[in-house]
Amino acid sequence: MNNIKQDVSAAERRRFDSLISSITYDGKLMTLGHLLEWAANKYGDRIAIICRDQQISYKHLFARACMFSQLLQEKGVKPGDSVLVWLENSIEFYIAYFGVLQIGAIVAPLNVYLTERELNHIVKDADAKMIVTAKSFLERLKDIKTNIQVLLKDDVIDLNAPITKQSCT
């Protein structure tokens with residue numbers, strides 16, 4: 001009976017070691033921000049996202065997220081700040097999402113079907129530094145009284161623009 005208990009412990013230890021090695025990168029616990037970098041290094045040109053008639057590789061998704069994170073930092077977003085991402089399902093959503101994570105900020109994705117009342121409550125309650133959204137949603141924000149900085153994805157995320165940054169450092 002004692003041998004069975006030791007075997008279970010050894011099996012559990014192997015499972016635990018395997019889990020830990022799968023969530024570490026460069027000897028550190030992997031965050032979601034690091035996960036994209038890891039995937040870009042491992043899968044490079046493989047397709048990461050397909051949305052309608054567009055697609056993007058892991059490498060390009062990571063590069064664009066890094067470019068977006070640099071823009072966020074230039075706009076004053078710092079680690080620990082909250083950033084709301086209010087975009088439809090799209091490649092741009094993931095660029096913004098991972099861009100926020102790359103600088104250690106807190107990303108709060110918002111459902112595009114929120115009512116004005118729900119949106120008003122969340123925006124005021126979130127104490128966010130910025131909201132990343134689309135021009136098509138701007139009208140729904142006009143009645144919300146807040147000092148939140150609005151960043152329009154249409155003005156800052158261009159999937160056809162040249163990639164100018166390959167890493168987030």
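Analyst: One point before we start. This is a predicted model.

User: What makes strand 5 and strand 6 a pair?

Analyst: Two strands pair if DSSP finds at least two bridges between them. Strand 5 (residues 82–86) and strand 6 have 4 bridges, in the parallel sense. Therefore they count as a pair. One of the bridges sets Val83 against Val107 in strand 6.

User: How do you know that strand 7 pairs with strand 8?

Analyst: By the bridge count again. Strand 7 (residues 130–133) and strand 8 share 4 bridges, also in the parallel sense. At least two are needed, so the pair stands. Met130 lies opposite Gln149 in strand 8.

User: Which strands are the edge strands, and what makes them so?

Analyst: The open sheet has 4 strands in the order 6-5-7-8, with parallel pairing. Strand 6 (106–109) and strand 8 (149–152) are the edges, as each pairs on one side only. Neighbouring strands here are turned by 25° against each other on average, ignoring direction.

User: Why is the unit of strand 7, helix 6 and strand 8 called right-handed?

Analyst: Point the strands away from you and follow the path from the first strand over the helix to the second. If that path runs clockwise, the crossover is right-handed. The β-α-β unit of strand 7, helix 6 (residues 135–141) and strand 8 is right-handed, so its path runs clockwise in that view.

User: How do you know that strand 3 and strand 4 pair?

Analyst: Strand 3 (residues 47–51) and strand 4 (residues 54–57) run antiparallel and are joined by 4 bridges. The threshold is at least two, so they pair. Ile47 has Ser57 in strand 4 as its bridge partner. Their hairpin has 2 residues between the strands, and Arg52 takes a positive phi near 55° there.

User: Why is helix 2 called roughly perpendicular to helix 4?

Analyst: Helix 2 and helix 4 (residues 91–102) pack at an angle of about 115°, with axes 8 Å apart. Angles of 65 to 115 degrees count as roughly perpendicular. That is why helix 2 gets this label against helix 4. Their crossing is left-handed. Leu32, Gly33 and Leu36 in helix 2 meet Tyr97, Phe98, Leu101 and Gln102 in helix 4. By class, these residues are 5 nonpolar, 2 polar and no charged.

User: Which residues of helix 2 and helix 3 meet, and how do they divide by class?

Analyst: The axes of helix 2 (residues 32–43) and helix 3 (residues 58–74) come within 8 Å and cross at roughly 145°. The crossing is left-handed. From helix 2 come Leu36, Glu37, Ala39, Ala40 and Tyr43; from helix 3 come Tyr58, Lys59, Leu61, Phe62 and Ala65. They divide into 8 nonpolar, no polar and 2 charged. Glu and Lys count as charged, so Glu37 and Lys59 are the charged ones.

Notes:
Residues are numbered from 1 along each chain as its sequence is written. This is a predicted model: local features need pLDDT of at least 70, side-chain atom pairs count only at pLDDT 80 or more; totals for chains, interfaces and linings use all residues. Side-chain values use heavy atoms; hydrogens and water are left out. Axes are lines fitted to C-alpha atoms, for helices over the stretch in contact, and angles run from 0 to 180 degrees between N-to-C directions. A crossing is left-handed if the near helix is turned anticlockwise from the far one by less than a right angle, and right-handed if clockwise. Contact means heavy atoms within 4.5 Å. Angles under 35 degrees count as roughly parallel, over 145 as roughly antiparallel, 65 to 115 as roughly perpendicular and the rest as oblique.
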